[in-house]
Every structure is written in structure tokens, then in C-alpha cells.
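Here is a short briefing on the structure shown below.

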Amino acid sequence: MSVSRVLAIWCMDWPAVAAAAAAGLLPTSPVAVMLANRVIACSASARAAGVRRGLRRREAQARCPELHVATADPARDARHFENVTAAVDDLVPRAEVLRPGLLVLPVRGAARYFGSEQAAAERLVDAVAAAGTECQVGIADRLPTAVFAARAGRIVEPGKDAVFLSALSIRQLATEPSLAAPGREDLADLLWRMGIRNIGQFAALSRADVASRFGADAVAAHRLARAEPSRGPSGREPPPELDAVMDCDPPIDRVDAAAFAGRSLACELHRSLEGSGVGCTRLAIHAVTANGEELNRVWRCAEPLTEDATADRVRWQLDGWLNRRNPNDRPTAPITVLRLHPVEVVSAEALQLPLWGPPVKMTDSAYRALVRVQGLLGPEAVQVPVLSGGRGPAERITLTPLGDEPVPWADPSQPWPGQLPEPSPTVLLDDPVEVLDGEGNPVRVTGRGLFSAEPARLAAPGRDGRLSWWAGPWPVDERWWDPDRKAGRTARAQVLLDGDPGQAMLLCYRQRRWYLEGIYE
Amino acid sequence: MSLDQRRLDRAEQVEHLRHKIAAISGKVGPGRRGEGSSNDVLPELESLLPLPELSPASGWYPQTERLPTALSRGTVAVLSGARSLPLSMVAAVTAAGGHAAIVGQPDVGLLAAVEMGADLSRIAVIPEPGADPVEVAAVLMDGMDLVVLGLGGRTVPATRARAVVARARQKGCTLLVAGGDWQGASARLEARVSGYEMTCGSGGRISRVRLAMRARGRSLGSVHAVGG
């Protein structure tokens with residue numbers, strides 16, 4: 001008989017541990033979790049102070065005055081348990097979470113890998129302890145027995161499940177909510193009153209008698225008590241592998257070979273994407289050369305990539321890598337492994353493509369030329385401007401990478417009082433400058449939005465000069481509600497450097513400093 | 001092979017050679033825009049790229065000394081001086097339905113281009129073109145009608161320039177080089193601010209920038225003097 005042994009990991013008082021972690025308390029501090037004014041879980045230190053399950057809040061606080069009381073929150077329990085699950089998954093994959101605080105997993109592979117069941121259990125306890133939680137481990141033939149074994153902290157020998165269970169109290173049948181149907185407490189109570197004190201006595205009853213007298217849940221409990229075969233752990237399936245990988249033989253060192261590779265790889269990727277009914281909006285192209293160098297680039301797109309677009313991107317990317325201008329940056333050996341990894345996928349229903357044409361107003365050839373440049377320089381290098389709301393000339397244009405949705409920083413259709421009228425400066429800068437008055441003292445903008453003195457001179461590296469004209473200041477009254485905003489007024493002014501015809505500039509006063517924001521030329 | 005056939009071949013050959021000559025001279029013949037569906041989009045851009053007609057209403061006021069009306073498509077021109085000049089050309093091209101890319105000018109004020117009538121959805125900006133901006137510009141010529149290339153003080157030697165010029169001519173894309181030198185450029189345009197106009201009164205501000213422009217070179221359209 002092939003027996004797949006089961007390992008259970010039980011974290012004691014999990015709701016209390018999660019509540020302590022959420023409140024930032026030490027694991028040793030007394031914590032009680034309340035539901036409907038009754039304690040449903042408490043930490044070991046609270047239990048030592050006399051707190052018990054089922055106590056009222058006031059009574060619990062009377063027994064342990066420093067008790068931290070939290071309300072029950074299944075979401076919090078599950079959230080904090082994710083760390084433990086991840087730690088266990090790192091060591092042994094496909095663990096099944098029965099409830100937050102209780103994990104089961106098939107032990108066979110782990111036992112073989114770590115040498116013995118004992119060693120596997122020790123490694124798992126260590127891993128969970130590294131995640132910041134204490135736990136107990138139990139191993140048995142059957143899943144329910146393993147859970148009881150974990151509560152006892154024991155490894156039950158193969159075939160001895162029924163022996164181990166027979167000594168347990170009949171009340172234990174109802175202690176684990178994930179293994180019991182809602183009416184199990186009544187059943188345990190009834191069996192107790194009938195004189196059946198341990199699980200062994202219950203298991204000795206005939207199945208027909210149990211079924212005819214106590215109902216379906218009792219039959220389930222009876223199977224459990226006899227350690228009869230039940231379901232095994234069913235861990236979460238790893239997500240389907242969507243990557244398309246190609247081992248290039250012969251290795252790719254020319255662009256035309258790369259084009260062929262890209263075409264077939266794109267075809268493979270799109271078959272697997274179609275198979276799972278998703279589209280790819282962010283694609284990572286990964287290449288390994290014969291010398292072990294790894295090249296990586298992620299492409300982003302506002303709309304899912306078609307097969308042709310994927311093939312083009314692979315070709316451009318390989319072209320970019322193989323033909324870098326700077327020979328030192330080029331890979332030192334031909335490419336041997338090529339991998340396409342869909343980093344971000346969207347389900348087919350979530351896609352809403354416009355009815356006509358691409359979302360951008362560009363022609364195909366222009367768009368393709370820009371995407372090629374992205375292949376040379378990276379996806380962030382090509383930016384598309386879009387009008388945005390704002391007051392300064394730099395704020396009113398938002399640049400987004402080509403392919404991303406062009407979302408302005410702020411709504412341009414709002415009124416934006418204080419916006420500078422036309423014309424705007426053709427050169428945008430952000431250089432600190434000094435504005436001085438006739439005596440050489442710095443000019444500020446006062447709280448009333450006026451110059452503290454008449455500006456007479458501009459001092460900045462390379463841009464020193466007398467001012468022949470100035471206008472402003474025009475105060476900008478924005479974000480006064482924002483606590484992050486630095487103190488002081490913000491205002492803009494136009495100045496004209498002396499000369500024929502001189503140089504007109506836009507200055508911005510913020511955080512008690514002047515900045516040269518733009519030049520009109 | 002029959003005689004007719006041979007004559008036909010010959011006629012085809014002549015036609016083919018004519019096309020080649022036309023393409024090389026860059027003045028007539030079907031450029032990239034001359035064929036297919038794009039023909040109806042940009043008929044006026046077929047061979048000449050219009051220089052901006054800056055109307056006084058737009059706030060940008062050209063006070064020109066010698067104003068060329070157009071720049072041949074597929075040429076390389078070196079710009080110097082005021083930045084309004086390349087921006088106004090970007091505005092003119094995109095307003096007419098063409099595409100423009102601005103390479104290597106991270107400080108460009110695109111809002112000014114919008115005020116001159118540019119269509120932002122047809123503009124792409126490559127602020128940091130890396131170590132070789134000329135290469136990026138050459139790639140962009142495939143699909144763009146106008147590429148503004150900021151060289152950042154570099155000089156492109158004649159050997160390198162020749163290949164890019166040939167590509168520009170073949171693709172029908174005009175390359176405007178700013179902030180550097182391009183040896184053997186067929187046109188040089190210089191713009192400078194000739195004056196500012198301010199609104200009067202207490203709330204005075206700059207309302208117009210007057211530009212003076214000077215052009216010299218081979219591939220300019222009809223050049224006429226305008227009193228400034």
C-alpha cells in the first residue's frame with residue numbers, strides 16, 4: 001500500500017499572534033482576540049495570567065490588566081500568515097493552507113530531500129521561526145491525524161495513526177474547526193455523555209451503528225477516528241508557465257538570425273498566451289550569451305502586443321544589443337539562450353481596444369521608428385508630450401514614455417487661475433539665480449506678493465547683467481493645504497537683461513530662492 | 001524576345017533611371033510621401049518643407065531680413081541662434097499632419113510650440129539620446145518628416161555626415177541640426193531675437209518676441225528679401 005504521509009504545521013494561537021504583529025507588540029506580550037465580547041484566542045503569556053477562551057472581555061482584563069485586546073479579523077490573520085506560507089513554500093512547495101495558522105503538505109519529497117522526516121520537520125520549524133513565528137509540526141499517514149499530531153508535536157509512525165488517535169479525548173474531535181462541520185461540538189458532547197471518553201472507543205463502534213444514529217458528520221468523524229484514507233493535501237498550483245525559451249543553436253551573432261529567432265519565439269509565446277486567454281502588456285526580453293552575460297530589457301505597452309509587434313521588438317532589441325555603437329558595451333559572445341517572459345498580462349475580457357486604429361495619432365512608420373529607438377536606448381528614452389494642467393510652463397506639458405497611456409499630470413481643462421499667458425519661453429531651465437537691488441542686496445517676494453525692493457541686477461554663472469525691465473511678481477497661490485509644501489511664497493516674474501535687444505527671462509521665486517525657469521528666444 | 005518587349009524594357013529602364021535622378025536631386029519625383037495613401041495627407045509637403053509663417057497674432061513675430069519660404073525635403077540644415085526657429089518648424093510640420101522628433105534637447109519648451117500651433121500627438125521627444133545622437137536621428141528618419149537634433153556642441157565630420165545626408169534624402173526627412181556643427185550642410189539658418197514687445201500698463205508683460213532670420217545655402221526655396 002502506498003502511503004503518502006502528511007506533515008502539518010500548526011502555529012499556536014494564530015489570531016493572537018497576528019493581532020500582536022499588527023499592533024507592533026512583542027510576541028511575548030499578552031494579547032486576546034475577542035469576538036462578540038468573548039475571548040476566542042489568546043497568547044501564551046495571557047493564558048499564563050489566567051485568560052481562557054470564552055471569557056468576557058471585562059473578566060479577561062481583570063485577570064490580566066496589561067492585556068492587549070483586539071477584535072477578530074480573519075483578513076488580518078490571513079495577511080500575516082502569508083509570510084509563513086511563503087517561508088514554507090521556499091523550502092517545500094505546494095503547501096495547503098487549511099486556515100490561517102495551519103498548513104499541511106505532502107512530506108514524501110521533503111523527507112527524501114532532507115534525508116528523513118525528522119530532518120524535514122526540523123528544517124520547516126527553522127524556516128517558520130526565521131519568518132518570526134513559533135510552530136509545531138506533526139507527521140502522520142492521514143491529513144486529520146497529522147493535524148492532531150501537530151497539536152501534540154509528534155511524528156506518528158507509519159500505520160500507527162489509529163493507535164495515536166485512540167488515546168485522545170473525544171472532545172478533541174471538535175477542537176480543530178477546519179476539520180469539523182459546524183455541529184461537531186454537540187456530537188462530541190453527546191458521545192461524552194454516552195460514556196465514550198476517547199477516540200479509540202468511538203472508532204470501535206461499527207460504521208453502520210454510527211451512520212444510523214448520528215448523521216453524516218458523525219460518519220466523517222468516525223472515518224477520522226479510524227484513520228481511514230481521506231483526501232491528501234492539495235496545495236496551490238504554480239501559475240502556468242507562459243515563458244517562451246529558445247536555446248539558440250548555432251548561437252546568434254547576426255541580426256538576420258535574430259529576426260528568425262524572434263519570429264518563432266513570438267509565435268510560441270502567443271500560442272501560450274492565447275491558451276491561457278491573456279494578452280501581454282509588459283514583456284521582458286532576456287538573453288544569455290555564450291560567455292554567461294545576461295542582457296535584460298522590459299518593454300511596456302499601453303495595449304497588448306500582437307505577435308508581429310512582439311517579433312519586431314525581439315528583433316530590434318537583439319539588433320540593439322549586437323550592434324551597440326560602443327564596442328565595449330557589446331556582448332562578447334553570441335547569444336545562446338533567448339527568453340520572452342510576459343511580466344504583466346491582462347485577461348482578454350479586460351481589454352477594451354478603440355474601434356478604429358491605434359490609440360496614438362501617429363502613422364505606422366513613425367511609430368515603428370520611435371519603437372526602434374526605444375530598442376536602442378530603453379523604453380523610457382522616447383517620450384510623448386501631452387498637455388497638462390498647471391501654471392508654470394514646465395508643469396503644463398507632461399511627458400510619458402511612448403507606449404504608456406499618455407495621462408496628464410493634472411487636468412488641463414480646469415481654469416488654473418494665475419496661469420501665465422502666451423507666449424511661453426522656448427527654453428526651459430531650472431537654475432538657481434540671484435536677483436539683486438540697486439545696492440546689491442537680494443530681492444525677495446514679500447508675504448503680500450510684492451518685491452521687497454526694485455530688482456536691478458541678475459547674478460548667475462554666465463548670465464550676469466543689469467536688468468533694463470521687469471514685470472511681476474505674479475504670486476502663485478497653490479497647494480497651501482499641502483503639509484509637504486515648503487514655507488514661503490511662490491511667484492513668477494519676467495525680466496529683461498540689458499542689451500540690444502537683451503534677453504528676456506522667466507524667473508520663479510519659491511522656497512525663498514529665485515530660479516531661472518525659462519528664456520524667451 | 002520580341003522587339004516590342006525589348007522596347008518596353010528600354011522604356012521601363014529609362015523611366016527607372018529618371019526616377020533615380022529625381023530621387024537624388026531631391027527636387028521632384030515621388031519621395032516617400034509621393035506614393036500610396038500618404039499622398040493625400042501631405043500634398044503640400046511633397047518636396048518642400050514650409051518654413052514657418054509666424055503670424056503676429058501667435059505672439060511670435062518674425063522680422064526677417066531674407067526669408068526663405070521653404071526648405072527642400074530631405075535636406076540637412078544647421079540652425080543657430082534663437083530656439084523659436086526649430087520649434088516653429090516643428091509646429092508647422094505637425095500642424096500640416098507630419099511627424100516630428102526632437103532629439104537631444106532636454107530643455108525644449110514644448111508649450112511654446114503648442115502656442116505656435118503644433119499638434120503634440122505627432123511629436124516625440126528623446127531628451128537623452130545616449131552617446132550617439134546622430135545614430136538615433138538616422139533611425140528616426142525612417143518614419144519622421146522632421147527631426148530636430150541637438151548635438152550638444154559636437155561636430156559631425158563630413159564622412160559620417162555624408163551617410164546620414166544620403167539617408168535623409170532617400171527617406172524624405174528633413175534634419176535640423178542645432179547646437180553643433182554639421183560639415184557640408186546644404187543650408188544654414190540663423191535666427192536671433194531682434195526685440196521684445198511688452199504690453200503697457202502696470203500689469204505689463206512680454207507679449208511678443210520679434211525674430212530676425214538669415215538663411216544661406218543651396219537647398220532653400222525661393223528666397224526673397226523682406227523689409228525688417
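**Helix α2 of chain B**

The model is a predicted one.

- Eleven of the twelve residues of α2(B) are buried, so the helix is largely enclosed by the rest of the structure.
- The buried residues of α2(B) include B:Leu85, B:Leu87, B:Met89, B:Val90 and B:Val93.
- Just after α2(B), B:Gly97 has a positive phi of about 100°.

**Nonpolar cores**

- The largest nonpolar core holds 98 residues. Those with the most contacts inside it are A:Leu507, B:Val90, B:Leu140, B:Val147 and B:Val177.
- Helix α2 of chain B (residues 84-95) gives the most to this core, seven residues.
- Beyond its neighbours within four places in sequence, A:Leu507 contacts A:Val433, A:Val435, A:Arg492, A:Ala493, A:Val495, A:Trp514, A:Tyr515, A:Leu516 and A:Glu517.
- Another core lies apart from the largest one and has 69 residues. A:Ala46, A:Val97, A:Ile170 and A:Leu224 are among them.

**Contact between chains A and B**

- Chain A puts 44 residues into the contact, and chain B puts in 43 residues.
- On the side of chain A that touches chain B, the elements giving two or more residues are α15 (364-377), β12 (383-387), β13 (397-401), β14 (427-437), β16 (465-476), β17 (490-497) and β19 (513-520).
- The largest share of that side, nine residues, comes from α15(A).
- By class, the side of chain A that touches chain B has 29 nonpolar, eight polar and seven charged residues.

**Chain B overall**

- Chain B has five helices and 14 strands.
- Of its 228 residues, 46% count as buried.
- Take the contacts in chain B between residues at least 6 apart in sequence: 74% of them join residues at least 24 apart.

**A helix pair in chain A**

- Helices α13 (residues 255-275) and α14 (residues 307-322) of chain A pack at an angle of about 145°, with their axes 8 Å apart.
- The crossing of α13(A) and α14(A) is right-handed.
- Contact residues of α13(A) include A:Val255, A:Ala259, A:Gly262 and A:Leu269, while those of α14(A) include A:Glu307, A:Ala311, A:Val314 and A:Leu318.
- The contact of α13(A) with α14(A) has eleven nonpolar, three polar and four charged residues.

Terms used:
Residues numbered from 1 in each chain as written. Chains lettered and ligands numbered in written order. Predicted model: local features only at pLDDT ≥ 70, side-chain atom pairs only at ≥ 80, totals over all residues. Core = buried A, V, L, I, M, F, W, Y, C linked by C-beta atoms within 7 Å. Buried ≥ 20, exposed ≤ 12 C-beta atoms within 10 Å, placed from the backbone. Helix = DSSP H or I, 4+ residues; strand = E, 2+ residues; numbered from the N terminus. Contact = placed C-beta atoms within 7 Å. Nonpolar A, V, L, I, M, F, W, Y, C, P; charged D, E, K, R; others polar. Axes fitted to C-alpha atoms, helices over the stretch in contact; angles between N-to-C directions. Left-handed = near helix turned anticlockwise from the far one by under 90°.
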